[in-house]
Amino acid sequence: MAVAARKGRAMASLLTGSPMAMATTAQLGFLGGWLSRIPLPRWALITVAVAAALLLLLFLICIIRCCCCKKKPKKKERVNLHAVSSSTTANLVQPEMEDLERDAEPTGRGKLQYSLEYNFRAQELKVGVKQAAELKAMDSGGTSDPYVIVYLTSDRKKKYETKVYHKTLNPVFNESFAFLVPQAEVPESTLVMQIYDFNHFAKHNIIGEVWLPLVSVSLQHVVEQWSDLAVASKVEEEQLGEICFSLRYVPSTGKLMVLILEAKKLKRMDSDGLSDPFVKVYLILNRKKWKKKTTSVKKNTLSPYFNEMFVFEVPFSQIQNVDMVISVWDHDKVTKNEPIGKLFLGCRATGNQLRHWSDMLSNPRRPLAQWHSLQPPDVVDKALGLKSHFKLPLPPR
């Protein structure tokens with residue numbers, strides 16, 4: 001043991017004698033001297049040191065996160081601004097000039113000056129087409145060849161045209177036209193003035209139009225004014241008139257009773273602005289004409305009163321296969337009678353016609369009257385798809 005003690009002291013002397021041991025001892029001596037000056041216990045100093053290290057670490061983490069967060073939004077902002085182009089942003093705030101011109105184009109067709117004068121004694125409306133200005137150019141040379149068509153919606157067959165003025169956007173027409181319009185029908189009429197561009201080899205293009213309901217104009221004195229041309233509307237369906245009739249069906253006897261009551265606002269067919277209307281009622285069985293009845297002719301009227309009854313024998317087993325056609329005609333002694341309008345009822349019908357027919361079948365032995373608007377004859381004939389005309393005998397009971 002004495003030998004071991006001597007060896008340990010020898011090793012200690014060697015270590016303390018080395019340079020590293022001397023430096024470490026010096027550092028520990030310096031720290032120990034500095035710490036010994038602070039009037040705190042050693043455990044408190046260690047706690048303060050750990051807390052300071054943690055605060056420093058948290059501070060460094062916050063700085064790093066702030067720097068990273070600031071860089072990422074800048075990239076996103078650049079991407080977003082790049083995706084929303086300058087033109088799109090401008091459109092959201094203020095439209096381009098091209099868009100403004102496109103939007104203004106429908107109303108930039110020019111304007112028309114005209115005059116109206118109504119003669120209450122002669123019941124005549126005089127329309128003066130004065131001039132047009134700033135018309136839209138329809139030709140490749142930047143001009144147009146304008147002329148005006150004038151008519152009333154109450155009589156579309158009677159139309160007037162002005163002369164054609166070539167290569168101008170500011171034509172002066174100075175033409176007048178007269179329409180016979182009964183005073184009672186003035187509020188129901190609309191004056192239409194359409195300006196067209198004349199073309200020798202193609203369809204004439206409409207530049208614009210003015211629709212003027214006469215009910216909105218005071219005709220107690222001469223009217224002279226300018227109106228902006230509007231975009232041409234689609235061709236309005238011509239008003240052919242209305243007819244009122246009653247239907248009654250008795251299933252037990254198979255009798256279909258049709259009472260033609262009256263009509264109103266029929267289309268003018270004669271040169272005097274009136275018509276000589278009469279009504280045809282015929283049945284169609286399995287798409288073939290079957291039976292027909294005709295009313296008397298009412299002279300010189302657009303609102304005839306008939307009050308005529310027709311009775312058809314239609315077995316209950318066939319009522320679902322029957323179509324009934326109501327047609328109004330204009331009688332003419334010299335030329336061929338002309339159809340004014342038609343409509344048909346039955347299970348193949350639609351709208352008010354189907355509703356009226358269904359109500360009749362749902363209420364047997366009860367007469368049901370209703371008003372119906374007349375339709376163009378060719379439209380009704382096409383919907384019916386009629387076959388060749390021949391009589392079909394009644395099926396046996």
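**Figure 1. Y147 and Y196, two buried tyrosines in a predicted model**. Both Y147 and Y196 are buried in this structure, which is a predicted model. A pair of aromatic rings is described by the distance of the centres and the angle of the planes. For Y147 and Y196, the centres lie 5.8 Å apart and the planes are at 20 degrees, and the pair is stacked. The two tyrosines come from distant parts of the chain, 49 residues apart. Y147 belongs to strand β3 (residues 146-152), whereas Y196 belongs to strand β6 (residues 190-197).

**Figure 2. The aromatic pair of Y118 and F120**. Five aromatic pairs are found when the whole structure is searched. In the pair of Y118 and F120, the ring centres are 4.8 Å apart and the planes meet at 85 degrees; because pairs with planes over 60 degrees apart count as edge-to-face, this pair is edge-to-face.

**Figure 3. A cluster of rings formed by Y160, F177 and F179**. Ring pairs join these three residues, Y160, F177 and F179, into a cluster.

**Figure 4. Lysines placed over tryptophan rings**. K111 is located over the face of W226, at 5.4 Å from the ring centre. In another such arrangement, the charged end of K280 lies over the ring of W329, 4.0 Å from its centre.

**Figure 5. Strand β13 and its partner, strand β10**. Strand β13 spans residues 305-313 and has one covered face and one uncovered face. Which residues lie on the covered face of strand β13? They are F306, E308, F310 and F312. On the uncovered face are Y305, N307, M309, V311 and E313. Strand β10 (residues 255-264) runs antiparallel to β13, and seven bridges join the two strands. V311 of β13 is the bridge partner of M257.

**Figure 6. H356 and the residues in contact with it**. H356 is part of helix α6 (residues 351-362). The relative accessibility of H356 is 1%, so this histidine counts as buried. When neighbours within four places in sequence are left aside, H356 is in contact with F245, L247, L345, L368, A369, Q370 and H372. One of these residues, A369, is 13 residues from H356 along the chain, and the C-alpha atoms of the two are separated by 8.4 Å.

**Figure 7. The cysteines C244 and C347**. How many disulfides does a search of the whole structure find? The search finds zero disulfides. C244 has a relative accessible area of 8% and is therefore buried. C347, at 37% relative accessibility, counts as partly exposed.

Figure 8. Of its 397 residues, 33% are buried. Among contacts between residues at least 6 apart in sequence, 64% join residues at least 24 apart. The protein exposes about 25,100 Å², and carbon and sulfur atoms supply 58% of this area.

Technical notes. Residues are numbered from 1 along each chain as its sequence is written. This is a predicted model: local features need pLDDT of at least 70, side-chain atom pairs count only at pLDDT 80 or more; totals for chains, interfaces and linings use all residues. Side-chain values use heavy atoms; hydrogens and water are left out. Rings of Phe, Tyr and Trp (its six-membered ring) pair if their centres lie within 6.5 Å; planes under 30 degrees apart count as stacked, over 60 as edge-to-face and the rest as tilted. Helices (H or I, at least four residues) and strands (E, at least two) are DSSP runs, numbered from the N terminus. Buried means under 20% relative accessible area, exposed over 50%, partly exposed in between (1.4 Å probe, protein chains only). A charge sits over a ring if NZ of Lys or CZ of Arg is within 6 Å of the ring centre and within 35 degrees of the ring normal. A disulfide is a pair of cysteine sulfur atoms within 2.5 Å. Two strands pair if DSSP finds at least two bridges between them. Contact means heavy atoms within 4.5 Å. Accessible areas come from the Shrake-Rupley method with a 1.4 Å probe; for residues, only the protein chains shown count as cover.
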